[in-house]
Amino acid sequence: MQNVNVVLGAFYGDEGKGKIIDYLSSNAKYAVRFSGGNNAGHSIEVEGKKFAFHLLPSGILNKNIKAILSNGVVIDPKVLLEEIDNLKKNGYKVDNLYISEKAHVIMPYHIMMDSLLEDARGDNKIGTTKRGIGPAYCDKYERCGIRMEDFISDNFKDLLKINIKNKNVIFKAYGYPELDFDSVYKEYSGYAKKLKKYVIDTTTMLHQAIKNNENILCEGAQATLLDIDFGSYPFVTSSNPTIGGVLTGTGIGAKYINEVIGVIKAYSSRVGEGPYVTEENNEIGDMIRELGHEYGTTTKRPRRCGWLDILALNYAVMVNGLTSIAMNHLDTIGKLDKIKLCVAYKYKGKIVKDFRTNMDFLKNSTPVYEEFPGNFGDISNCKTYDELPDNAKKYIERIEELTNTPIKFIGTGAGREDIIVR
Ligand code: IMO
Ligand code: MG
């Protein structure tokens, strides 16, 4: 009964997880978002229409799939209702959505607090998406958070009252405007009414699916190097987008997990602050950004771009126990004359092959590269691995060799059908 497949980001996010999820969801009965919130951004093109998902599992576009926001997710009810409305406008009924009663709710004070804390950090800012994600998780662990089951019940009023009272003390101290309980309560109890019908015990639902041998696809958001434990702390998100987050974020046991697929790009990118050893903060990075359209889905920020980093990838392979890799943007990297692949770091005069997230290590390491010929030509018509040009195969096979992990999926273009499956 190993019917759970997992898709995870292997680098700093924005690897194109949506495309792989979209491909795999044709075999799935359940699609689950298990961590993070609307800091994510997955875009998918279906029948010429482009959808950008921040919160909803992208599998929701498949009417035969039950789409779940499980307990590990933090939910901004306003954003969720907007995404639901947008789908309805495009002809989707959205009667296949289920929200965990244990998922925490992002309230307006979380969003204000996210900005306040970023401003207070000054030059040391994290570069968060300012969607209130971190403060919502803080409240979850502080045990003053509002869970979905409370949000839709009579408990909401009292919980909101005490939270607003406490948060206003901080807003006042920082000279921020204070929140008015009555108006927040009015607005948010309206959202609660609309969301109530979607709220259930998703863990029991998933256990039933496992018993029935139905396929479950866990859709990762964010990525390994943004993980609160395993990422480049403090320049990380506030949840575990790695394999552990799948287990705690859904209530699924480890023995039910089958494939764990790590998604990468043929190059790399990062949004927000923090170290990035293989960054090309120059005309090469600019070229990759333009060729790969590397601008944020969530915040529209230009992404920092650079080469693929084998040390970071091997770290993701280990931390998550990746069974295979999906590589996007092979077409993009193939437009360059020369491709570089980071195979080691030089740190304090020594060659190092193991990745660490220690700040001193990351800030003072320089990449050691192997070079590969580019100029793949147009590969959009390649439907099988054999049809790929030799230069592309050389690059892919070297990565497989260095990671000891098969690259099973290869993205050859932006469209849904531009994918090679081996
Ligand atoms: P997807 O799912 C890229 C980054 C932010 C910031 C840090 C903390 O599209 O891969 P947060 O708002 O989460 O507290 O910000 O994490 N970040 C992402 N970067 N893609 C994402 O999601 C991200 N989600 C968060 O830029 O540096
Ligand atoms: Mg993103």
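**View 1. Salt bridge between Arg304 and Glu279.** Arg304 forms a salt bridge with Glu279, with the closest N and O atoms 3.0 Å apart, a salt bridge being a side-chain nitrogen of Lys or Arg within 4 Å of a carboxyl oxygen of Asp or Glu. Arg304 lies in strand 13 (residues 304-306) and Glu279 in the loop between strand 12 (268-270) and helix 10 (283-291), so the pair ties together parts that are 25 residues apart in sequence. Helices (H or I, at least four residues) and strands (E, at least two) are DSSP runs, numbered from the N terminus. Glu279 is partly exposed, with a relative accessible area of 23%, where buried means under 20% relative accessible area, exposed over 50%, and partly exposed in between (1.4 Å probe, protein chains only).

This is a predicted model, in which local features need pLDDT of at least 70 and side-chain atom pairs count only at pLDDT 80 or more, while totals for chains, interfaces and linings use all residues. Residues are numbered from 1 along each chain as its sequence is written, chains are lettered from A and ligands numbered from 1 in the order in which they are written, and side-chain values use heavy atoms, with hydrogens and water left out.

**View 2. Salt bridge between Arg398 and Glu370.** The closest N and O atoms of the salt bridge between Arg398 and Glu370 are 2.6 Å apart. This pair links distant parts of the chain, with Arg398 in helix 14 (residues 390-403) and Glu370 in strand 18 (residues 365-373), 28 residues apart. Arg398 is partly exposed at a relative accessible area of 22%, and Glu370 is also partly exposed, at 24%.

**View 3. Salt bridge between Glu118 and Arg121 within helix 3.** Glu118 and Arg121 form a salt bridge whose closest N and O atoms are 2.6 Å apart; both residues lie in helix 3 (residues 108-121), three residues apart, about one turn of the helix. Glu118 is buried at 3% relative accessibility, whereas Arg121 is partly exposed at 29%.

**View 4. Surroundings of ligand 1.** Ligand 1 is surrounded by 20 residues, the closest being Asp14, Lys17, Asn39, Thr129 and Thr237, where a residue counts as near if one of its heavy atoms lies within 4 Å. A polar side-chain atom of Thr129 lies 2.6 Å from an oxygen atom of ligand 1, and a side-chain N or O atom of Arg301 lies 2.9 Å from an oxygen atom of the ligand. The protein covers 98% of the 540 Å² of accessible area that ligand 1 has on its own, as computed by the Shrake-Rupley method with a 1.4 Å probe.

Methods. Polar contact = N/O pair within 3.5 Å; in protein donor to acceptor, adjacent residues only side chain to side chain.
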